[in-house]
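These are my notebook entries on a structure that I looked up.

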Amino acid sequence: MSLDKSIDKGIIITPNPEFVEKANLGPKEYERLTKWAEDDFEGFWDYFAKNEITWFEPYKSVLNDSNAPFFKFFEGGKLNMCYNCVDRHVTTRKKNRAAIIWENERGDSRILTYRELQFQVNKFANVLKTLGTKKGDVVIIYMPMIPELPIAMLACAKIGAIHSVVFAGLSSNALKERIVDAEAKIVITADGGYRGGKTIPLKVHVDDAVRELKQIKYVVVARHIHSDVPMKTLRDFWWQDLMSDSDYANPHCEAESMDSEDPLFIMYTSGSTGKPKGVVHSTAGYLIWRILTARWVFDLKEEDTFWSTANIGWISGHSYTLYGPLSIGSTTFLFEGIPTYPSPDQWWYLVEKYRINVMYTAPTAIRALMRYGESYTKNYDLSSLRLLTTGGERLNEAAWLWYYENVGSKKCPIIDAYGQTETAGHMISSLPVVKQKPGSVGIPVPGIFPDIVDDKGEIIKEPNKRGFLVLKKPWPSMVRTLWKNDEDYIKFYWEKFNNKYYYTSDMAYKDKDGYFWMEGRSDDVINVSAHRIGCSEVESALTSCSMVTEAAVVGKPNEITGEEVFAFVVLKKDVDKTKHDEIVRKLRDYVRDQVSPIAKPSEIVFVDSLPKTRSGKVMRRVLKDIASGKEIHQDLSTLEDKAVLDKLKDAVENRELDILRGKIKK
């Protein structure tokens, strides 16, 4: 690979010709497929659906848009997700290949071949049936990252139950909200999980959540941390006991024939206000996009061992920790733990041990590991890696380069990608066979038609002009509706542009080469004296400064300018914070030079950490309230560490006091 930099185009990475030659999707093939999808949209999807999915019965039509925006793909077709991800591989030479490799931070490990995975899934599918679970029932799963989690999900898919995985870090109240909304009668959990040297008491949280819920008939508990937890008679059952009982756990189970549009799962996502939204995904459309993005974006091959560090409790975990790699018959690696425990080299030890080929993680994790320097990566053999990918939020240039140089040894393409819970997969990606621009999420994946529009819904043709990111055509893996709430589905995703475009609620711009650059959520824009400033643009400038590890920027009300730029900054550990005024001046000047004098932060507060969801996204709405001195009225159910809020408030208050005392300059 070669790296080039100039003032007008920034950094551009040219892919290694040897990588391009062996890639699943080469540059010419990308152009051919993109043009095919433009010229013959239905023919494009028809070809891949017929050739990649194993159908029980063929579909009657590719796309039914008669009731838009409630689109239907592959209507009338019959299939089963578990059959396509597990059963069909057992009939081939893949049956003895590792489907799942699992390890946790304590060193416990387990390997499941495709044959063994099928055996376990069939047994638990029959356990669910014995407990009264039927096709169309919702099963809540609240588990740590252990093999029983994917087994439970696949068992649900096999019998046609709708799984709804709740991230095991959410509170009992958040779990209760989701159980009630989904009208679930059964919860699958564990006695607890391991995280950063601590044990998480999951069964206790479940007991708190279901204490007053008469709808819950059964709670199945996997014994994992071997803690002494209360078990309610006739309601609570140990996973291991049920699986060892031949009356409950017969190892033979036929896959339920599911319609293409039958729901596969519900994924709850929290908004800024109100109760969580239950995003509904269908079976066939979700499956086809798992297969294609696994091959095109991640360049996955059957013989690969793939590690997505995304927790299965989030959409990235559903799509690329579990269903993506299994759908094409490769090996997926699951890890229960955090990247810095028991030491900051934990991930690199695992990459070397299991010879990981493709790795997918979040920019937040990369920035966290950057703080510990380069020495940890140098102690391990990371030569098995051939592709590094990220997603979930914007990968700033500094983190991109650190990942490229210290983990990928300047030989691995660094793939950033854009997707949402609602899109169920990557829509835009810096594909490994095209030139990569650090900071950009890349170009449209074949079959996807994104664009940038203004407030009136008119397409912005001028390059580098910020607007709303929309998707102009439907796609198979799109959200079908919100659970029991068609009205809000239209309101949130279609109403803004009169049902003409799918509205992502994200801001972005497109450069002259057609590369997309994300600018944050549509409400993550600061209006300073009628100038619209993207928070991510200022954040990127701050984090590209050698003193800064992380930064989050929000707008604070200002009587004169409307809003002003307020920055929360995490400095590197070796920076001398006593030189406060000098550092602030340098950072302001840096933003002025990199972005604009108007974007220069009016206030900068140094903090030890930022408030993040358990999937690693910074909660900027919370920061906005803190910066403005308001009470926090946001949904905090996904906040990883609530203790950080008090520290942030103290940092802001102490800064104001230091200004009044003359210790620091404003």
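I began with tyrosine 376, which lies in helix H14 (residues 375-378); helices (H or I, at least four residues) and strands (E, at least two) are DSSP runs, numbered from the N terminus. The model is predicted, so I note that local features need pLDDT of at least 70 and side-chain atom pairs count only at pLDDT 80 or more, while totals for chains, interfaces and linings use all residues. Residues are numbered from 1 along each chain as its sequence is written, and side-chain values use heavy atoms, with hydrogens and water left out.

I looked up the exposure of tyrosine 376 and found a relative accessible area of 27%, hence partly exposed. On this scale buried means under 20% relative accessible area, exposed over 50%, and partly exposed in between (1.4 Å probe, protein chains only). Not counting residues up to four places away in sequence, tyrosine 376 touches Pro344, Asp345 and Trp348; contact means heavy atoms within 4.5 Å. I also checked lysine 649, 273 residues apart from tyrosine 376 along the chain, and the C-alpha atoms of the two are separated by 33 Å.

Arginine 355 follows H12 and has a positive phi, near 50°.

I then listed backbone exceptions. Most residues other than glycine have a negative phi, and most peptide bonds are trans. The bond joining tyrosine 341 and proline 342 is cis, with omega about 5°, and proline 342 sits in the loop between strand E19 (331-336) and H12. A cis bond also runs from alanine 68 to proline 69, with omega near 10°; proline 69 belongs to the loop between strand E3 (61-64) and strand E4 (72-75). Asparagine 498 is not a glycine, yet its phi is positive, about 55°. I placed asparagine 498 in the loop between helix H16 (486-493) and strand E28 (502-510), where its 70% relative accessibility makes it exposed.

Which helix pair did I examine for packing? I took helix H5 (residues 114-130) and helix H6 (residues 148-159), which pack at about 65° with axes 8 Å apart. Axes are lines fitted to C-alpha atoms, for helices over the stretch in contact, and angles run from 0 to 180 degrees between N-to-C directions. H5 is therefore roughly perpendicular to H6 (under 35 degrees is roughly parallel, over 145 roughly antiparallel, 65 to 115 roughly perpendicular, the rest oblique). The residues of this contact divide into 11 nonpolar, 3 polar and 2 charged. Here Ala, Val, Leu, Ile, Met, Phe, Trp, Tyr, Cys and Pro count as nonpolar, Asp, Glu, Lys and Arg as charged, and the others, Gly among them, as polar.

Rings of Phe, Tyr and Trp (its six-membered ring) pair if their centres lie within 6.5 Å; planes under 30 degrees apart are stacked, over 60 edge-to-face, and the rest tilted. Tryptophan 36 and phenylalanine 48 form a tilted pair, with centres 6.0 Å apart and planes at 45°. Tryptophan 36 is in helix H2 (residues 27-39) and phenylalanine 48 in helix H3 (residues 41-52), 12 residues apart. Tryptophan 36 is partly exposed at 22%, whereas phenylalanine 48 is buried at 7%.
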